[in-house]
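Trainee: I've just got this one open and would like to talk through how it packs. Can we start with a pair of helices?

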Amino acid sequence: MTFAASMLAHSLTLAPGGGGDAAHASLADAPIVAATADPSLAWMGWVLALPAISAVLCALCAAFRVKNKLPAICTVLALGSAFALVLKLYLARGPGAAPVTVHLWDWMNFGWGGGPWKSFQADVSLYIDSLTLLWMLFVTGLGTLIALYASEYMEAERGPGYARFFFGVSVFLLAMSALVMADNLVLLYFGWEGVGLASYLLIGFYYRKPSAVAAAKKAFIMNRVGDLGLAVGIWLIWVNYGTVEFGALFQAFDDAARGVGGWDRSLIPFCLMLGAFGKSAQLPLFTWLPDAMEGPTPVSALIHAATMVTAGVYLIARMQPLFSLHPDAMATVGWIGALTALLAATIGMAQYDIKRVFAYSTISQLGYMFMGLGVGTAFGAAYHVFTHAFFKALLFLTAGAVMHGFAGQLDLRHLSGLRRVPGFRIVSWTMLIGCLWLSAFPYSAGFFSKDLILVQAMSSPRFQMLGWIGLGTAALTAYYTFRVWFRVCAGPVAYAPGDEDHGHDDPAHDAHGHAAHGDDAHGHDDHGGAFHPHAPRLAINSVLLLICAGAILAGVPGIQALRGEQNWVQEMVSNSSAVRAAGVDHVTEPVAFGMDPHKLVTVFGTGACLGGIAIALWIHLLDRRMADRLRTALLSNGLTRWLPTSMENKWYVDELYHALFRLPAWVTSHLLHFFDRHFIDGLLVNGLGRVPVAMGRLFQPLYNGALQGYAGTMAGGLVLVLAWVAWKWLGATGGAA
Amino acid sequence: MTPLLAQAGLTQGVTVALVLSAALFTIGLIGFLVRRNMILMFLCTELMLQAASIAFIAFGRMREDTGGQTFVIFILTVAAAEAALALGLVVLLYRRRETLSAEAWQELHE
């Protein structure tokens, strides 16, 4: 093992010379290439229009109660065409082309003068540079594949629910494309809110389930906190720089680099950061993401693992020219990322729900990405986003296939030996690839991307601590990832079905399950009432294989970097605003243990990965009772009891938020409710209403039904009035006379 | 008394007409209060109405304005219509209770 690691370290030391990091350092001072308007690319508007059309068609399908797979076909075709358009643009322009803007139509455009602060322009225009293309390629590509997967996964919902699901997916793709391709912060904000809405709608897809509704609300409200930061940040940017368009803004940042800003100028990156942390589930706003797993699994794979949660990384990469002006903000991003990575990994170690483990691993990996941004390698962060999108989508989709096949069973204590269960072979082996990639196994895509981030951290004395946290987290990652795989896919065959209501004894399920795919997957119907796993069919298996191939190919740029060639991810990021990371060059001098950063990260990273896998192998496959004994031993000792309990209880963050925010809000709301009920309603509204009632009671006896009584009262009143008038009149004239 | 009325612009003829009007109104009012027979009560309201008409004419004359007389024409028209309606109601009410006494309908207030 040591030999292999040192070989690896040797080969990786070649990387910095030929890789783009040298170019990176020189570009950091160069002005950003100004974007040119290119009206001939107006067809890129179809990338936005296609998901919108698909959303309308899905809504019509729901309205007309279409029972077949038409919504899925619409969505897959629309998203596939959008992907084809993005690919066409990418092939036509090549990876490192200069940024262009495409004006689609005017949205907000008014001025009271001209130039900064005297006009406000936020149009529906696209800003296409290599960073945009990198994101669009995997957003539309994975979106298409996951929609295809969902066409089979969601088939139990066929009818309005099926259409509603694909409507949500289409809306999400529309908003995500707007977010990534926007040429100004206002359109970006529109997309930002749109993906939040789609996420809310899809988490709460099973709206009859109270936990799903609660999770949807939690995600939406927590994102509101972050979005407030983003909104304030955009406002402060306009106040300070007088524009919200990226092209003009990057020029303004360059000018600002030479000037001095006020306190509100240095507040801007922190506001944007809050938005990014909310959307990307970082400390302190990460608790919504694990709960978001209540949504259907394709949604978890697409929105809550591969694409939407990387919007925060995109925002900071896009605004890198701004962040590079504020080293404190960069350091904050790095530290928050590293701490989130560590915290989420420790929680992930103690969860029993497979999807939750993967959710915490997503938070943890997003932490790595922010760490990369913070230490100054936007390339590493973007590359990790790219590789993570594939292997994490793959892991979620395999978890979804397991959940689909075992009636919602996701508890890793009740599943074992899946690789020997008929029909689950592809699922098991693609899950193994995903696990290896997630735990940064040497020469996997995840290894290369994580390596870039950690090397950059190790290279700078300021951030060396972050590098060590990252390496420690890598060991935890390998452990919890393989804890899942060894428990679920390896070992003796044993499983228990989940409690999802479409069990096999349900006639409705038989109608959809057996009629839909014949007897091929159900070879053992002679077992009578026993539970039969429901093996995935063509759509799920082919998507798993395709994404698995994508995950493997995602490592190619890493191998290119290893060989010292220009690689395309590098080129994609190099000609965008993201290159303005204020990073330092990779150093080749020894930084610790007599090793330079590359060797250090390779040796310790490989050691962490293999060590984590080895421990998981030992206590979760070879001697499974060992894990329980370990837990019992830790629990029985008073000194260590806090460790497993707090990890299983997610470090009580939810409880802390409950005590800090929900409880005061609950108390205040009840006090205000009491005030409203008894003061506003009781005293003012009903109290005033009671006055005429009381007066009516007082005078009611006069209303006795006797006509003469009324007439007498009227006559008496008349006499009184006349007497008063006469007295006044006589008095007045008498005085005059 | 006379200088006082003259100061208000009242001539002798007008004063007489107003006194007549007041007397008629008082008779009608007292009749309405004292009697229980619905037909007689209705006739008393007619008396009060005509007292008002006489006052209109008197004031119209005083101000040399035909508006007073115009109003009286309207009042007579309305009174005719209302008389038909009221007598019809009285007939209906009588059929229900076999009596013309207004006290028979006292519970209507509930």
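Trainee: Is the crossing of α4(A) and α7(A) left-handed or right-handed?

Mentor: The crossing of α4(A) and α7(A) is left-handed (the near helix is turned anticlockwise from the far one by less than a right angle; clockwise would be right-handed). Keep in mind that this is a predicted model: local features need pLDDT of at least 70, side-chain atom pairs count only at pLDDT 80 or more, and totals for chains, interfaces and linings use all residues. As for labels, residues are numbered from 1 along each chain as its sequence is written, while chains are lettered from A and ligands numbered from 1 in the order in which they are written.

Trainee: At what angle do α4(A) and α7(A) pack?

Mentor: Helix α4 (residues 45-63) of chain A packs against helix α7 (residues 160-181) of chain A at about 160 degrees, and their axes are 8 Å apart. Helices here are DSSP runs of H or I with at least four residues, strands are E runs of at least two, and both are numbered from the N terminus. The axes are lines fitted to C-alpha atoms, for helices over the stretch in contact, and the angles run from 0 to 180 degrees between N-to-C directions. So α4(A) and α7(A) are roughly antiparallel to each other (over 145 degrees; under 35 is roughly parallel, 65 to 115 roughly perpendicular and the rest oblique).

Trainee: Which residues of α4(A) and α7(A) make the contact?

Mentor: On α4(A), they include A:V47, A:L48, A:P51, A:A55 and A:C58, and on α7(A) they include A:F166, A:F167, A:V171 and A:L174. Contact means that the C-beta atoms, placed from the backbone, lie within 7 Å. The residues of this contact divide into 17 nonpolar, three polar and one charged (Ala, Val, Leu, Ile, Met, Phe, Trp, Tyr, Cys and Pro are nonpolar, Asp, Glu, Lys and Arg charged, and the others, Gly among them, polar).

Trainee: And how does α6 of chain A pack with α7(A)?

Mentor: Helix α6 (residues 130-153) of chain A meets α7(A) at an angle of about 175 degrees, with the axes 10 Å apart. That makes α6(A) and α7(A) roughly antiparallel to each other. Among the residues that meet are A:W135, A:M136 and A:V139 in α6(A) and A:F165, A:V169 and A:M176 in α7(A). This contact has 12 nonpolar residues, three polar and no charged.

Trainee: What about α8(A) and α9(A), how do they cross?

Mentor: Their axes come within 9 Å and cross at roughly 175 degrees, α9 being residues 210-241 of chain A. α8(A) and α9(A) are therefore roughly antiparallel to each other. A:Y189, A:W192 and A:E193 are among the α8(A) residues involved, and A:F220, A:N223 and A:D227 among those of α9(A).

Trainee: Switching topic: how many residues of α13(A) are buried?

Mentor: Helix α13 (residues 297-306) of chain A is mostly covered, with 10 of its 10 residues buried. A residue counts as buried with 20 or more other C-beta atoms (placed from the backbone) within 10 Å of its own, exposed with 12 or fewer, and partly exposed in between. The cover over α13(A) includes α6, α7, α8 (185-203), α12 (288-291), α17 (354-375) and α18 (378-405) of chain A.

Trainee: Where is A:G372, and is it buried or exposed?

Mentor: A:G372 lies in helix α17 of chain A. It is buried, because 34 other C-beta atoms are within 10 Å. A:G372 and A:Q456 are 84 residues apart in sequence but 7.5 Å apart in space, C-alpha to C-alpha. Leaving aside residues up to four places away in sequence, A:G372 touches A:T377, A:G380, A:A381, A:H384, A:I453 and A:Q456.

Trainee: And B:R96, buried or exposed?

Mentor: B:R96 counts as exposed, with 9 C-beta neighbours inside 10 Å. Its place is in helix α4 (residues 67-97) of chain B.

Trainee: How many residues of chain A are in contact with chain B?

Mentor: 10 residues of chain A are in contact with 10 residues of chain B. On the chain A side, five are nonpolar, five polar and none charged.

Trainee: Last one: what pLDDT does chain A average?

Mentor: Chain A averages 82, and 88% of the residues score at least 70 (pLDDT is the predictor's confidence in each residue, from 0 to 100). Over residues 1-28 of chain A the pLDDT is below 50, and it stays under 50 over residues 502-528 of chain A too.

Conventions. Two residues are in contact if their C-beta atoms, placed from the backbone, lie within 7 Å.
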